[in-house]
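User: I am new to this structure. Please walk me through how to read it, feature by feature.

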2 protein chains.
Amino acid sequence: MTDHYRFILPEEQIPQAWYNINPDMPVDIGPVIDPKTMQPATFDYLAELFPRRFLEENVSNERWIEIPRPVRDLYRIWRPSPLVRAHRLEKALDTPAHIYYKFEGASPVGSHKPNTAIPQAFYAKEEGVKSMVTETGAGQWGSALSMACNFFGIDCDVFMVRVSYNQKPFRRVVMESYGAHVVPSPSDKTEYGRKLLRENPEHLGNLGIAISESLEVVMKSKGAVKYSLGSGLGVVLMHQTVVGLEAQKQFEMAGEYPDILVGCIGGGSNFSGFTFPFLGDNLTKGIKTRIIAVEPVACPSVTKGLYTFDYVDSGEMGPIAKVYTLGHDFMPPAIHAGGLRLHFMAQHVSALYNHGDIECVAVGQESTFQAASQFLKAEGFIPAPESAHAVKVAIDEAIRCREEGVKKVIGFNFSGHGLLDLAAYDAYNHGTLPDTSYPAAEVAEALKNLPKIEL
Amino acid sequence: MTDHYRFILPEEQIPQAWYNINPDMPVDIGPVIDPKTMQPATFDYLAELFPRRFLEENVSNERWIEIPRPVRDLYRIWRPSPLVRAHRLEKALDTPAHIYYKFEGASPVGSHKPNTAIPQAFYAKEEGVKSMVTETGAGQWGSALSMACNFFGIDCDVFMVRVSYNQKPFRRVVMESYGAHVVPSPSDKTEYGRKLLRENPEHLGNLGIAISESLEVVMKSKGAVKYSLGSGLGVVLMHQTVVGLEAQKQFEMAGEYPDILVGCIGGGSNFSGFTFPFLGDNLTKGIKTRIIAVEPVACPSVTKGLYTFDYVDSGEMGPIAKVYTLGHDFMPPAIHAGGLRLHFMAQHVSALYNHGDIECVAVGQESTFQAASQFLKAEGFIPAPESAHAVKVAIDEAIRCREEGVKKVIGFNFSGHGLLDLAAYDAYNHGTLPDTSYPAAEVAEALKNLPKIEL
């Protein structure tokens, strides 16, 4: 038993500080634009939406930002998470590659999302905020924020995309179990929601609409309610670096250094959290670890989108940023990886891809579930459909190692388990899972409606 | 951060051997009876049903039985599991008690069940068996055996109680994802099933019927198919002692020794696995740890049943044993803790309770979910409805500590998470969860039909 499966750090080694990539960024990510002025947003504009400490972290140029004690205390519920050597998968693939996965499925809600939900709720609590609001697609993020708000005694309201609210009631149950209030979006709680429901009472909603509803609630609350978001913003990516910082120590325990790192991207947070600490070493120490982001062909913001200014929401209420985008009017197809159905990519990930520091590939739904099935039969754990995108590319790279006869060390982020996404596996097991393709015409249409920014 | 949350053992400390309580039992558990002869079963009769090595372990009087290397290798996927100090729950209860829980929800299928599924599949593989069959209620056990059979390349057929098959499709999806074949019971695959379906084509089934169907398949297979069961038999309880053996080392890490240990009982395996190593110390070293089994008031085999010989299955095909029983015709009410809906209790647990070595309490459904809700809001993790029974009594004991002003160390087995049982939480959250009571008339009726054994 010298070849370990799981590399586990003691509680004391939960990172003391997050890694902030800002000072190491090789390119500028560009400003955030206030949609009312079409000029760079002021701190005060953003402070209407978010807790101030959260925003201070977002613009900080300090490389290390201390994790507050109450946040680390709550991280201890499931952190440090294991880094696992996928011995059985390697054997099944007959590959000389060594495959490792960071297991973020160990959190109470089954994904990496609490890593940022907890500090966001804590900063709101510090400011005396009594209520937070957010949106959620399939429900991973909403579950995490519901749990975090519960821990700090803050009310939590969640706008859940209606199609998921109807089809996947169990994530709603998780949120409600932590005491959150969940409504289907579009809802009658906002002007924007009411407008959409008047046009179509059966409107199924999407993430961009749910973001707009959340923002409307916050902006009308005059500071009483703060907004919380699960991905995209630099500070959110930074909170996730606990994942990669732990993984660095765990690879050291294993006596290996990764040649290839893989993560799936929707907004970009689990990918960034896992890879940025290693990327920092690439950027500052001349290491050449390949870093691969994986997106769905059905919503390929990075590989098919434009790198330009766009709104983060459908209702054009939210900030504008320079990102890879498919257009904020783009309605992604109903793939099972709900967490990857976002029209744009985080600023940092966008800039790094554009600058050539990271790679990106798009994969289809069927091949993704094939890979997930191979993984779960070898390793036991059932990946979330989102995480299955990382599994797919990790397996592809391991097969390439076999074909080329080279041993590489491959790491990927198992960002969440799939125990609340089993309808997708049912369809796959019974041969009824539709494959996906690139919705070129819809993207071309959506890209016609980009904001004009002149700075 | 000196007061740890999670006590985690290194992989090397997965126990090398299971603890077999047989040599330390203060009383005889009585023979297993062959229903064809109504006399003590021969080894050969039982070997028609089970792998021989499994049966050898069942009757062994060795205190320590080595865990085979391939089994330990697979345990490494999630073992050692954490022992967690429930600091936040203690604070919420304002109790001087120290509360610990052993977290068996960390396995890929979310419960302790793989601890025995893996050795059972391995022993079948060793004998060249190509196919195993079992029954499952809500699906925890079926999921575990499906995963284990997949690891060893053995076919797995599962009879799933029809009411669960219809209402809880996701556990079926888990089983099918590992490659198992799942049919609703009663089914048209067996004579007994066909008979019941002729009488009532809509028959909802129960665990006792599903056991009978499994046994019929095995008995007709002439050795080609072996039976596997998830609880009850002594060897199954023994496989679960990895839980308690790890917990002993973890309490040592924490510098504490438990005053009270709590586990829920359906067949008795998670309770026994967690407590028997400590009970062994009670029996042999004069330690006085209180050991409390918790059952539902709706199916209270120990606190309301008779201690007598009864069949383990409804169809009167399976072995007969001396157990606490509500009668093998008893149809337990449809409580959410499906894993606790069994008419009898394991022989060892029955004998120990009868002899006064352990305690038992029965709790109602509503108070159980109240306790589970309090737990998950404090600790994050959502307990399975079965495990919630242990949570309830651990909380009750912690409150008693507060009232009496005494600090006790309380440990309970968090035998599984509830992420596949969220319909129950939905009902609880919305005030529509029915409370339960003792079905006295039905039990009285069922107890009229016990087998007559004259030895």
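This is a predicted model: local features need pLDDT of at least 70, side-chain atom pairs count only at pLDDT 80 or more; totals for chains, interfaces and linings use all residues.

User: Into which domains is chain A divided?

Analyst: A domain may be built from separate stretches of a chain, as its residue ranges show. In chain A, domain 1 covers 6-15 + 78-110 + 238-449, and domain 2 covers 20-65 + 113-234. The C-alpha centres of domain 1 and domain 2 of chain A lie 22 Å apart. Domain 1 of chain A gives 49 residues to the contact, and domain 2 of chain A gives 55 residues.

User: What volume does the largest pocket have, and which residues lie nearest its centre?

Analyst: Read a pocket by volume, then by lining. The volume of the largest pocket is about 470 Å³. Its lining has 25 residues. Nearest the centre are B:Val163, B:Ser164, B:Gln167, B:Lys168 and B:His336.

User: Which elements and domains supply the lining of the largest pocket?

Analyst: Three helices of chain B give two or more residues each to that lining: helix 7 (162-167), helix 8 (169-177) and helix 18 (422-429). Domain 1 and domain 2 of chain B each contribute at least three residues.

User: How many nonpolar, polar and charged residues are in the lining?

Analyst: The lining of the largest pocket has 16 nonpolar, five polar and four charged residues.

User: Helix 8 of chain B came up there. Is it largely enclosed or open?

Analyst: In helix 8 of chain B, seven of the nine residues are buried, so the helix is largely enclosed by the rest of the structure. These residues are B:Arg171, B:Arg172, B:Val173, B:Val174, B:Met175, B:Glu176 and B:Ser177. After helix 8 of chain B comes B:Gly179, with a positive phi near 95°.

User: Which residues are buried in helix 15 of chain A, and what do they pack against?

Analyst: An α-helix has 3.6 residues a turn, so residues three or four places apart point the same way. In helix 15 (residues 347-355) of chain A, the buried residues are A:Gln347, A:His348, A:Val349, A:Ser350, A:Ala351 and A:Leu352. Their packing partners in chain A are strand 3 (32-34), helix 11 (234-239), helix 13 (269-285), strand 14 (306-311) and strand 15 (320-325). A:Gly356 follows helix 15 of chain A and has a positive phi, near 90°.

User: Where is there a cis peptide bond?

Analyst: The angle to read is omega. From A:Arg79 to A:Pro80 the peptide bond is cis, with omega near -10°. A:Pro80 sits in the loop between helix 3 (69-75) and strand 6 (83-85) of chain A. In chain B, a cis peptide bond joins B:Arg79 and B:Pro80, with omega about -10°.

User: Which residues have a positive phi although they are not glycine?

Analyst: Two cases are worth a look. A:Lys222 has a phi of about 55°. Its place is the loop between helix 10 (207-220) and strand 11 (225-227) of chain A, and A:Lys222 is exposed at 78% relative accessible area. B:Asp94 also has a phi of about 55°. B:Asp94 lies in the loop between helix 4 (87-93) and strand 7 (98-103) of chain B, and its 57% relative accessibility counts as exposed.

User: Last, is B:Phe152 buried or exposed?

Analyst: Read accessibility and contacts together. B:Phe152, in helix 6 (residues 140-152) of chain B, is buried at 12% relative accessibility. Leaving aside neighbours within four places in sequence, its contacts are B:Pro70, B:Leu74, B:Ile118, B:Ala121, B:Phe122 and B:Lys125. A:Phe43 is partly exposed at 30% relative accessibility. With such neighbours left aside, A:Phe43 is in contact with A:Arg52, A:Leu55 and A:Glu56.

Key. Residues are numbered from 1 along each chain as its sequence is written. Chains are lettered from A and ligands numbered from 1 in the order in which they are written. Side-chain values use heavy atoms; hydrogens and water are left out. On a 1 Å grid over the protein atoms alone, a cavity is a set of points where a 1.4 Å probe fits but cannot get out, and a pocket is an open set with protein on both sides within 12 Å along at least five of seven lines; lining residues have an atom within 4 Å of a point. Grid points are joined across faces, edges and corners, and a volume is the space filled by probe spheres set on the points. Helices (H or I, at least four residues) and strands (E, at least two) are DSSP runs, numbered from the N terminus. Ala, Val, Leu, Ile, Met, Phe, Trp, Tyr, Cys and Pro count as nonpolar, Asp, Glu, Lys and Arg as charged, and the others, Gly among them, as polar. Domain bounds come from an automatic or database domain assignment. Buried means under 20% relative accessible area, exposed over 50%, partly exposed in between (1.4 Å probe, protein chains only). Contact means heavy atoms within 4.5 Å.
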